[in-house]
Amino acid sequence: MGVDWLHLDVMDGHFVPNLTFGPPIIKCLTNRLQNRTFIDLHCMIQEPRKWIKDLSNAGGHQMTVHYESDIGNIEELSQMIKNAGMRPALALKPKTLIDHTLIEIFDKQLFDMILIMTVEPGFGGQKFMADMLPKVTQLRQRYPKIDIQVDGGVNCDNVISCYEAGANVIVSGSGIVNAKDPQQSINYMKECGCQHFKC
């Protein structure tokens, strides 16, 4: 369909109420894709370090962990993900403020991407929270080269505001699958991104 990444929500039923799929199903999917697609794993899970090896073996290319989960030593966690052959990324829930502690973490360049959630994690089909976009702008101004992802309720009506805020990685689930013409929606979102980031 022309998407650049396949974003998979990995939920354990503890960090968020829902339970989705784990490494065995991801492995079946990546075997079918034969490494043709970048696998972006959004891990809404407790104790993500316990999952690193299995998710890497399942074919993950990037592992996004939540700052609010039980991540322990964040520098060690980042290195463990890198050692497993994946890009480390850090996700922030809507209520998590970008404070001095987070700025210190980001300044150390421990993560290749920051994910700003524009809905509460754990459920699809929620309404886009536009008041999260100032976080994106704040991060883009301070970190001009890092990947900044926006996830939650993104569709053709609000994707331009995400790009204008500074996001360069867009996640859209229901905004695509519920669209009258999913392919047209994908094309539009990609074209808007190229216009803002000069692909």
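## A friendly note on this predicted model

1. **A loop residue, Glu-47.** At 32% relative accessibility, Glu-47 counts as partly exposed. Keep in mind while reading that this is a predicted model. You will find Glu-47 in the loop between β2 and α2 (52-57). Have a look at its backbone too: phi is near 50°, which is a positive value in a residue other than glycine.

2. **Asn-35, another positive phi.** Asn-35 has a phi near 65°, again positive in a residue other than glycine. It belongs to the loop between α1 (23-33) and β2 (38-44). Is Asn-35 buried or exposed? Its relative accessible area is 61%, so Asn-35 is exposed, the cut-off for that word being over 50%.

3. **The chain as a whole.** Stepping back, you can count eight helices and seven strands in the chain. The radius of gyration is 16 Å, close to the 16 Å that the globule rule gives for 199 residues, so the chain is as compact as a globular protein of that length. If you like to picture a box, the C-alpha atoms fill one of roughly 40 × 40 × 30 Å along the principal axes.

4. How much of the chain is buried? Buried residues account for 48% of the 199 residues. As for the surface, the chain exposes about 10,200 Å², and 51% of that area is supplied by carbon and sulfur atoms.

5. **Contacts along the sequence.** Take the contacts between residues at least 6 apart in sequence: 65% of them join residues at least 24 apart.

6. **Cysteines.** How many disulfides does the structure hold? The count is zero. For Cys-156, the nearest cysteine sulfur belongs to Cys-192 and is 7.4 Å away. A disulfide here needs two cysteine sulfur atoms within 2.5 Å, so Cys-156 is in no disulfide. Cys-162 is in none either, with the sulfur of Cys-192, its nearest, 10 Å away.

7. **Around Cys-156.** This cysteine sits in the loop between β6 (147-151) and α6 (159-165). Which residues does Cys-156 touch, leaving aside those up to four places away in sequence? They are Ser-185, Tyr-188 and Met-189.

8. **Where Lys-93 sits.** Lys-93 is in the loop between β4 (87-92) and α4 (100-107). With a relative accessible area of 23%, Lys-93 is partly exposed.

9. **What Lys-93 touches.** Not counting residues up to four places away in sequence, the contacts of Lys-93 include Phe-15, His-66 and Glu-68. Met-117, Glu-120, Pro-121 and Lys-135 are also touched by Lys-93. For a distance to check, the C-alpha atoms of Lys-93 and Ile-116 are separated by 7.0 Å, although the two residues are 23 apart along the chain.

10. **Charges.** Finally, count the charged side chains: the chain has 19 positive and 22 negative ones. How far apart are the centres of the two sets? They lie 4 Å apart.

How values were computed
Residues numbered from 1 in each chain as written. Predicted model: local features only at pLDDT ≥ 70, side-chain atom pairs only at ≥ 80, totals over all residues. Heavy atoms only, no water. Helix = DSSP H or I, 4+ residues; strand = E, 2+ residues; numbered from the N terminus. Rg over C-alpha atoms; globule rule 2.2 N^0.38 Å. Buried < 20%, exposed > 50% of the residue type's maximum accessible area, 1.4 Å probe, protein only. Contact = heavy atoms within 4.5 Å. Areas by Shrake-Rupley, 256 points an atom, 1.4 Å probe, with all protein chains shown as cover. Lys, Arg positive; Asp, Glu negative; His and termini not counted. Charge placed at Lys NZ, Arg CZ, Asp CG, Glu CD.
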